[in-house]
Amino acid sequence: MIMTTADLYDHYHQTLHVCELQFRSFGRRKRFFGQCATVWTHEDHLPVLNALKADGTGKVLVVDGGGSLKVGVMGDRIASVAVENNWAGVIIHGAVRDTCAIDELDLGVKALGATARRGWDPVSGVGNGVVNFGGALFSPGQWIYADEDCVLVSPNELDFELASQTAAPISALEVAANYK
């Protein structure tokens with residue numbers, strides 16, 4: 001069963017939040033999902049590294065980097081730590097670095113952009129709190145679904161098979177009727 005955020009949205013639209021940011025995709029996993037873990041940081045990779053050192057089986061780390069594109073808060077070495085600890089993916093409201101190497105890893109990564117710059121001054125980050133960006137609230141324990149199209153937030157785990165079975169094709173007449 002192939003998961004698509006479009007099918008999930010069509011079936012579960014009343015309970016989902018759609019992150020409105022236009023992320024770039026990195027890593028070999030273009031589609032990923034899991035329970036949400038969060039961290040906030042500003043231009044410092046250490047809070048991200050510390051979060052990814054934990055067991056990430058079945059989880060997606062959501063990083064609120066304040067939208068900064070100045071400094072990458074995750075590079076290939078930190079992404080490798082995520083792979084070693086079984087994280088499904090990382091979503092970064094900010095920048096990454098070393099994208100060619102990240103693209104070789106079995107990890108899903110969504111970020112606003114990329115840069116060569118890394119942070120040198122540690123900033124205290126906050127983990128496991130609610131973060132908010134792109135019109136969506138991300139809380140630990142919620143479920144994150146990401147693919148090439150977007151990032152969805154759900155209060156509970158979703159059934160891919162049910163969503164794909166109920167995704168009915170829409171005829172051109174139905175589309176036209178809805179736009180009158």
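**Before starting.** For the touching residues below, I took contact to mean heavy atoms within 4.5 Å. I also noted that this is a predicted model.

**Entry 1: D76.** Which residues does D76 meet, once its neighbours within four places in sequence are left aside? I found R97, D98, A101, I102 and L105 in contact with D76. I then looked up where D76 sits, and the place is helix 3, residues 76-84. Its relative accessible area is 23%, so I wrote D76 down as partly exposed.

**Entry 2: the annotated group.** I checked the UniProt record next. An unreviewed entry there gives the annotation "binding site" to G75, D76, R77, I78 and R97. These residues are spread over 23 residues of sequence, yet they cluster in space, with a largest C-alpha distance of 10.2 Å. I kept in mind that such annotations may be inferred rather than shown by experiment.

**Entry 3: R97.** I followed the contact from D76 over to R97. R97 lies in the loop between strand 5 and helix 4. Is R97 buried or exposed? With a relative accessible area of 19%, R97 is buried, because the cut-off for buried is under 20%. Beyond four places in sequence, I listed the contacts of R97 as G72, M74, G75, D76, I102, T115, A116, R117 and R118.

Entry 4: I found D98 in the loop between strand 5 (89-96) and helix 4 (99-102). Not counting residues up to four places away in sequence, D98 touches G75 and D76. The relative accessibility of D98 is 34%, so I noted it as partly exposed.

**Entry 5: Q142.** I moved on to another loop, the one between strand 9 (136-138) and strand 10 (143-146), where Q142 is found. What does the side chain of Q142 have 2.7 Å from one of its polar atoms? I looked it up, and it is the backbone nitrogen of S139. Q142 has a relative accessible area of 18% and is therefore buried. Leaving out residues up to four places away in sequence, I wrote down G34, Q35, C36, L137, V153, S154 and P155 as the residues that Q142 touches.

**Entry 6: a surface patch.** Which residues make the nonpolar surface patch of about 240 Å²? I found W40, V123 and V126.

**Entry 7: positive phi angles.** I finished with the backbone. E43 is not a glycine, but its phi is positive, at about 60°. I found E43 in the loop between strand 3 and helix 2 (46-52). At 18% relative accessibility, E43 is buried. N86 is another residue other than glycine with a positive phi, here near 65°. N86 lies in the loop between helix 3 and strand 5. Is N86 buried or partly exposed? I noted N86 as partly exposed, with a relative accessible area of 45%.

Note on methods:
Residues are numbered from 1 along each chain as its sequence is written. This is a predicted model: local features need pLDDT of at least 70, side-chain atom pairs count only at pLDDT 80 or more; totals for chains, interfaces and linings use all residues. Side-chain values use heavy atoms; hydrogens and water are left out. Helices (H or I, at least four residues) and strands (E, at least two) are DSSP runs, numbered from the N terminus. Buried means under 20% relative accessible area, exposed over 50%, partly exposed in between (1.4 Å probe, protein chains only). A polar contact is a pair of N or O atoms within 3.5 Å; within protein, one must be able to donate a hydrogen and the other to accept it, and residues adjacent in sequence count only if both atoms are side-chain atoms. Patches are made of residues with over 30% relative accessible area and no salt bridge: like charges are joined within 9 Å, nonpolar side chains (Val, Leu, Ile, Met, Phe, Trp, Tyr) within 5 Å. Accessible areas come from the Shrake-Rupley method with a 1.4 Å probe; for residues, only the protein chains shown count as cover. A salt bridge is a side-chain nitrogen of Lys or Arg within 4 Å of a carboxyl oxygen of Asp or Glu.
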